[in-house]
Amino acid sequence: MPPQGQQAGSWVLYETDTVNNDSDAPVLVPPSAEKRVWKIVWRNVILFVLLHIGGVYGAYLFLTKAMWTTCLFAVFLYLCSGLGITAGAHRLWAHKSYKARLPLRLLLTLFNTLAFQDAVLDWARDHRMHHKYSETDADPHNATRGFFFSHVGWLLVRKHPEIKAKGHTIDMSDLWADPILRFQKKYYLALMPLICFILPSYIPTLWGESAWNAYWVCAIFRYVYVLNVTWLVNSAAHKWGSKPYDKNINPVETKPVSLVVLGEGFHNYHHTFPWDYKTAELGDYSLNFSKLFIDFMASIGWAYDLKTVSAEVVEKRVKRTGDGSHHVWGWDDKD
Ligand code: ST9
Ligand code: ZN
Ligand code: ZN
């Protein structure tokens with residue numbers, strides 16, 4: 001049983017050493033794994049199990065039976081729906097790391113609905129909680145509860161009461177002011193099935209693909225794939241990798257994850273500087289397709305006011321809180 005007042009999963013400063021009871025000095029208590037009640041939502045468990053079985057079947061058809069044009073279309077849908085999350089829900093709406101003109105906001109709303117990760121207004125609310133209360137019970141996918149919980153388990157159980165209790169501290173008025181996002185939320189139950197499942201199953205029939213293959217490959221497999229790579233940011237990118245910018249937090253830098261999530265695996269940087277539109281220090285295009293997309297949109301004037309962090313600020317932070325793995329340390333050695 002944790003000491004009274006301790007919030008499981010977070011570092012808490014105590015007035016006295018309640019563990020050894022022998023000091024009046026404040027102590028830091030590490031994140032604990034306090035037992036939590038899992039109120040399982042069986043409907044979600046069943047749907048996600050069926051969805052993943054369908055995803056495996058879709059992957060089989062992708063590798064063996066589907067036309068190459070259908071496979072190419074599935075990859076195209078992966079990139080579009082991925083951008084709807086990375087460039088849209090995440091960098092534009094949750095973090096306001098750049099601004100977008102109407103055509104881009106419309107395009108990203110379409111892409112976002114294709115990704116079916118719930119309405120932007122809900123996604124961004126959870127994500128703002130994830131940053132503000134990172135790795136505490138008020139973080140919807142609190143990574144201190146283990147890989148499975150942060151990957152998918154959090155979508156299979158009722159939310160921790162702390163999320164609802166602290167939820168009111170998150171200001172969402174900026175996003176509620178956007179009529180496009182209100183429209184998406186209001187009509188989500190009609191728009192999402194049409195854009196995420198029906199159109200991807202129909203379009204490949206225009207070049208002679210069977211609706212069966214199109215459904216399993218372009219709708220189900222593509223959806224399950226994008227879900228899982230997105231979830232890797234919450235699980236793997238909070239677990240395995242280096243911490244060049246802040247060694248005191250769990251999020252890490254991971255290139256393999258970055259590659260599949262279009263540039264979102266530089267997670268130690270992102271949690272340190274969440275307002276940077278690159279979500280990475282350098283934003284190498286090969287590992288950051290989302291940056292390429294936003295830069296292109298900026299070049300045609302659809303994106304503007306791109307926020308970033310100066311090299312000086314990054315370097316200072318690296319030296320103050322980094323784990324020593326950043327190349328800045330190498331430069332120091334040469335000086
Ligand atoms: C999905 C989302 O998969 C994935 C998000 C991943 C995020 C990744 C972030 C990493 C960085 C970006 C990297 C991107 C990489 C992309 C790569 C792409 C290639 N604040 O939720 P309810 C209150 S979705 C404040 O029902 P339950 C509020 O009053 C998959 N308040 O809680 C709310 O009412 P309302 C498809 C909050 O009943 C009420 O509580 N979708 C907050 O405990 C009830 O909320 C699904 O499968 C908050 N944050 O149920 C749906 N939250 O909303 C899955 C709640 O009316 N979800 N409140 O205001 C569910 O079924 C349920 O939410 C539940 C919890 C069972 C999980
Ligand atoms: Zn995170
Ligand atoms: Zn973020």
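Select residues 40–60, 66–89, 187–207 and 213–233, the spans that the unreviewed UniProt entry annotates as "transmembrane region"; such positions are given in the numbering used here, with shortened feature names, and the annotations may be inferred rather than shown by experiment. The model is a predicted one, in which local features need pLDDT of at least 70 and side-chain atom pairs count only at pLDDT 80 or more, while totals for chains, interfaces and linings use all residues. Residues are numbered from 1 along each chain as its sequence is written, and chains are lettered from A and ligands numbered from 1 in the order in which they are written.

Keep residues 187–207 highlighted: this span is 71% helix and 0% strand, and its end C-alpha atoms lie 30 Å apart. Moving on to residues 213–233, you find 100% helix and 0% strand, with 29 Å between the end C-alpha atoms. Helices (H or I, at least four residues) and strands (E, at least two) are DSSP runs, numbered from the N terminus.

Next, centre on ligand 1, which has 30 residues around it, G82, R158, K159, G167 and V261 coming nearest; a residue is near a molecule if its C-beta atom, placed from the backbone, lies within 6 Å of it. Colouring by element shows that α2 (68–94), α4 (120–132), α6 (161–166) and α10 (211–234) each give two or more residues to this shell, and that α10 gives the most, with six residues.

Finally, zoom out to the whole chain, which has 15 helices and four strands.
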